[in-house]
Amino acid sequence: MPHDSALLDWSELSEEEQALFTEGCELFDQAEFWHAHESWEDLWKGLKPRECRAEIDAVQGMIQCAALLYNYERGKVRGVVNMASKLIRRLDGVEHGIWGVDIARLRVGLTPFIRDAAADEPVWGVPTGSVKPIGGWKRGRAACREGVLNLVVAVYIKTNVHRPPLTSH
């Protein structure tokens, strides 16, 4: 289960924070990217007073992943590219994962969406519903609490930001 040991443990989140995280994951799994974004944004706002910078940035990066896919569904090149360049910085502070979300995979799975949007003539044909959590997410909230959630999403930026390929740990 991916989770950087320096980050807040799942048990350190309030029930409300856990519920917002779980709700966002469920909505993301249903390709309800705007609503996932909203749930995670409420979590992000709640974490800000706790001054846990890495967690705040990681949640903001997940929000930006959902926003990227939302923009892709609407055929907005600028929205996709802007979110991609922002989320890569937000997710830099988490090497392995947070609360079961595999950040390495999170940084790798959006590649087809970004490539398509950055193409000279985007096709807008990559199905956003194909971006799903791996494994036992359908087991519900208990699975998230156990840290089983792994999102398959990633980032490759063909335009202004060039990064070396990610390696697995």
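Q: Which helices each supply at least two residues of the negative patch?
A: Helix H1 and helix H2 (33-47) each supply at least two of its residues. Helices are DSSP runs of H or I with at least four residues, strands are E runs of at least two, and both are numbered from the N terminus. This is a predicted model, in which local features need pLDDT of at least 70 and side-chain atom pairs count only at pLDDT 80 or more, while totals for chains, interfaces and linings use all residues. Residues are numbered from 1 along each chain as its sequence is written, and side-chain values use heavy atoms, with hydrogens and water left out.

Q: Which residues form that negative patch?
A: Glu16, Glu23, Glu38 and Asp42 form the patch. A patch takes residues with over 30% relative accessible area and no salt bridge, joining like charges within 9 Å and nonpolar side chains (Val, Leu, Ile, Met, Phe, Trp, Tyr) within 5 Å. Asp and Glu count as negative, Lys and Arg as positive, and His and the chain ends are not counted. The place of a charge is NZ of Lys, CZ of Arg, CG of Asp or CD of Glu. Accessible areas come from the Shrake-Rupley method with a 1.4 Å probe, and for residues only the protein chains shown count as cover.

Q: And how many salt bridges are there?
A: There are 5 salt bridges, each being a side-chain nitrogen of Lys or Arg within 4 Å of a carboxyl oxygen of Asp or Glu. In one of them, arginine 50 meets glutamate 17, with the closest N and O atoms 2.6 Å apart. The two residues are 33 apart in the chain: arginine 50 is in the loop between H2 and H3, and glutamate 17 is in helix H1.

Q: Is glutamate 17 buried or exposed?
A: Glutamate 17 is buried, because its relative accessible area is 9%. Buried means under 20%, exposed over 50%, and partly exposed in between (1.4 Å probe, protein chains only). Arginine 50, at 35%, is partly exposed.

Q: New topic: how many aromatic pairs are there?
A: The count is 8 aromatic pairs. Rings of Phe, Tyr and Trp (its six-membered ring) pair if their centres lie within 6.5 Å; planes under 30 degrees apart are stacked, over 60 edge-to-face and the rest tilted.

Q: What is the arrangement of tryptophan 10 and phenylalanine 21?
A: Their ring centres are 5.6 Å apart and their planes at 65 degrees, so the pair is edge-to-face. Tryptophan 10 lies in the segment before helix H1 (15-29) and phenylalanine 21 in helix H1. Ring pairs also link Trp10, Phe21 and Trp99 into a cluster.
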